[in-house]
Amino acid sequence: MSAFLTYLLNGLAVGCAIALIASGLVAIHRVTGVVNFAQGTFAVVAGLCTSSLLGLGFPHGLSELAAVLAAAVAGLLTGLAAIGRRGTTPLSALIVTLGAGVLAYAVEIVLWGDQPRSAPGLAGSVTVAGARIQTQHLLVIGVTAATFVLLALFFGRTYLGKALTACASNPYAARVVGIDVRKMGLLAFALGGLLGGIAGVLVTPLRPISFDTDVTLIVNGFAAAVFGALTRPVITLIGALLLGVAETMAAGYGYGSHQLEVALGLMLVVMIVQASRRSAISLEST
Amino acid sequence: MIDVKDLVVSYGTATALEHVTLTVRRGEMVALLGPNGAGKSTLANTLAGLLKPSSGTVHADGRVALIPEGRQLFPDLTVADNLALGGWRSGQRDPALVYDLLPRLAELAGRRAGVLSGGEQQMVAFGRAMMSRPDVLVVDELSLGLAPTVTADLAAHLAALNAEQGLTVLLIEQNARLAFELCRRAYVLESGRLVTEGECAVLADDPRVASAYLGGAIT
């Protein structure tokens with residue numbers, strides 16, 4: 001029983017990191033219609049930056065904050081490349097983000113080499129109802145929960161957040177009232193970078209990060225985002241937590257080397273179900 | 001005022017407006033009639049700055065607001081949020097500004113815009129446009145799909161704003177009866193060209209206009 005609880009809590013922590021990646025995907029897709037394949041890169045950039053900054057002797061807190069901001073800048077640059085030119089279709093922009101992710105590999109290898117890097121997180125562990133859980137896992141869960149609360153407040157309460165929702169809801173009407181939809185798209189990309197960066201900073205102490213870790217991150221994040229139909233943040237969060245728990249259980253009960261396959265399998269199932277559901281809806285409406 | 005001179009607007013190789021010249025004086029309310037596909041909405045979007053002229057000029061004094069065809073609200077947001085976003089240009093975020101004008105909107109403030117009736121949605125679109133404190137209002141199809149009593153109510157508000165606050169209005173309509181009731185002057189647009197213009201009283205007696213837009217002469 002205590003093993004189960006351990007896996008569950010660890011799984012939730014893994015799911016939280018996935019949720020942060022996925023919510024970045026959703027934020028960008030809602031506002032711009034673009035599926036951002038460079039989303040995992042933002043986490044990698046932040047993870048590698050933290051590792052370097054801590055290595056250079058900068059204190060905790062400052063290092064992580066700077067790394068997250070670096071990821072937000074990476075998000076903005078990706079956005080400029082993807083949607084900076086007026087009239088770029090979402091499909092072309094998707095391919096640009098794929099290209100940006102590959103370009104990032106080259107930059108990351110030049111700056112950090114190709115070996116995995118780690119960063120010290122919160123040391124130690126605590127016992128919850130008989131189950132041992134690493135303190136860093138609790139930090140991941142706490143920070144993610146706080147981030148989601150802040151996101152909900154930003155989109156639900158602030159004028160800027162509502163303007164972003166307006167762009168997602170009806171881009172033409174947003175232009176009618178004078179909102180610059182392209183600028184809002186860039187803001188969404190920066191926000192996506194920020195969220196990916198938070199994930200990267202939280203995950204790096206748990207599993208070392210290298211330039212190509214983005215593949216694992218994006219596959220997991222994409223599975224959760226597709227679960228939420230790329231538009232619904234709450235469903236995405238639930239999907240991410242389920243995915244994290246499922247993967248950790250699979251690993252814990254003896255299929256450790258098949259974590260990614262579990263994610264891929266679940267993603268395929270979700271995508272096939274979602275795709276058939278969507279076509280059923282569009283058939284009904286005609 | 002609105003001053004459109006020799007305006008040409010094209011989408012790729014297709015030309016939507018060909019050499020259109022039109023004037024609405026300050027404080028005037030003028031109608032623009034025409035069938036579907038005549039280019040009326042293209043003109044509305046160009047006046048609102050959403051489309052660029054291929055040639056010719058568009059000039060409007062002060063701030064222009066557009067009530068677009070089909071209301072075009074933000075369905076996921078509340079009425080109050082829809083109104084607040086209408087103030088994006090003016091920086092006016094407090095919907096109380098239009099609650100005085102359209103008290104019904106205060107009652108609907110917390111409802112999601114997507115669930116309202118067509119008439120209520122048009123009222124929100126009206127209020128949202130007024131939130132930008134416009135000098136010029138372009139109304140694209142006020143009456144489309146609405147019950148006559150609802151249209152009459154909105155038309156009365158529009159007439160009052162025009163008469164009391166000197167709001168300059170270009171009223172784009174397929175409903176010529178409504179347009180002729182509200183406006184003294186009208187233009188008629190067909191296939192991207194202005195085919196006739198003049199006093200509404202005169203146009204109503206023009207057999208071509210009467211048969212195309214009024215279903216026979218006004219009696």
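User: Let's start where the two chains meet. How many residues of chain A are in contact with residues of chain B?

Analyst: In general, the size of an interface is often given as the accessible area lost when the parts come together. Here we count residues instead: 14 residues of chain A are in contact with 18 residues of chain B. Keep in mind that this is a predicted model.

User: Which elements of chain A give two or more residues to the side that touches chain B?

Analyst: Those are helix H6 (159–169) and helix H7 (171–176) of chain A. H6(A) gives the most, with six residues.

User: Zooming out, what pattern does chain A follow along the sequence?

Analyst: Reading along the sequence, you get α-α-α-α-β-β-α-α-α-α-α-α-α. That is 11 helices and two strands. The radius of gyration of chain A is 19 Å, close to the 19 Å from the globule rule for 286 residues, so chain A is as compact as a globular protein of that length.

User: And what box do its C-alpha atoms fill?

Analyst: Roughly 55 × 45 × 35 Å, taken along the principal axes. Of the 286 residues of chain A, 48% count as buried. To see how the chain folds back on itself, take contacts between residues at least 6 apart in sequence: 76% of them join residues at least 24 apart.

User: Which residues of chain A does the UniProt annotation "transmembrane region" cover?

Analyst: The record, an unreviewed entry, lists 6–28, 40–59, 65–84, 91–113, 133–155, 185–206, 218–246 and 258–276. A handy way to read such an annotation is to set it beside the model. Over residues 40–59 of chain A, the chain is 80% helix and 0% strand, with the end C-alpha atoms 25 Å apart. Over residues 91–113 of chain A, it is 96% helix and 0% strand, and the end C-alpha atoms are 32 Å apart.

User: Now chain B. In what order do the three strands of its open sheet come?

Analyst: The order is E2-E1-E4, with antiparallel pairing. Strand E2 (14–24) and strand E4 (55–60) of chain B stand at the edges; each has a single partner strand, so one side of each is left without a neighbour in the sheet. The twist averages 25 degrees from one strand to the next.

User: How many bridges join strand E1 of chain B to E2(B)?

Analyst: Seven, between E1 (residues 2–11) and E2(B), and these strands run antiparallel. If you want a spot to check by eye, look at B:Leu7, which stands opposite B:Val20 in E2(B).

User: Last topic, backbone angles. What is phi of A:Leu230 near?

Analyst: The general idea: most residues other than glycine have a negative phi. A:Leu230 has a phi near 65 degrees, a positive value in a residue other than glycine. A:Leu230 lies in the loop between helix H9 (214–227) and helix H10 (233–255) of chain A. With 18 other C-beta atoms within 10 Å, A:Leu230 is partly exposed.

User: Where is B:Ser191 found?

Analyst: B:Ser191 sits in the loop between strand E8 (185–190) and strand E9 (193–199) of chain B. Its phi is near 50 degrees, again a positive value in a residue other than glycine. B:Ser191 has 14 C-beta neighbours inside 10 Å and counts as partly exposed.

Note on methods:
Residues numbered from 1 in each chain as written. Chains lettered and ligands numbered in written order. Predicted model: local features only at pLDDT ≥ 70, side-chain atom pairs only at ≥ 80, totals over all residues. Helix = DSSP H or I, 4+ residues; strand = E, 2+ residues; numbered from the N terminus. Rg over C-alpha atoms; globule rule 2.2 N^0.38 Å. Buried ≥ 20, exposed ≤ 12 C-beta atoms within 10 Å, placed from the backbone. Contact = placed C-beta atoms within 7 Å. Pairing = 2+ DSSP bridges. Axes fitted to C-alpha atoms, helices over the stretch in contact; angles between N-to-C directions. UniProt positions renumbered as here; feature names shortened; annotations may be inferred.
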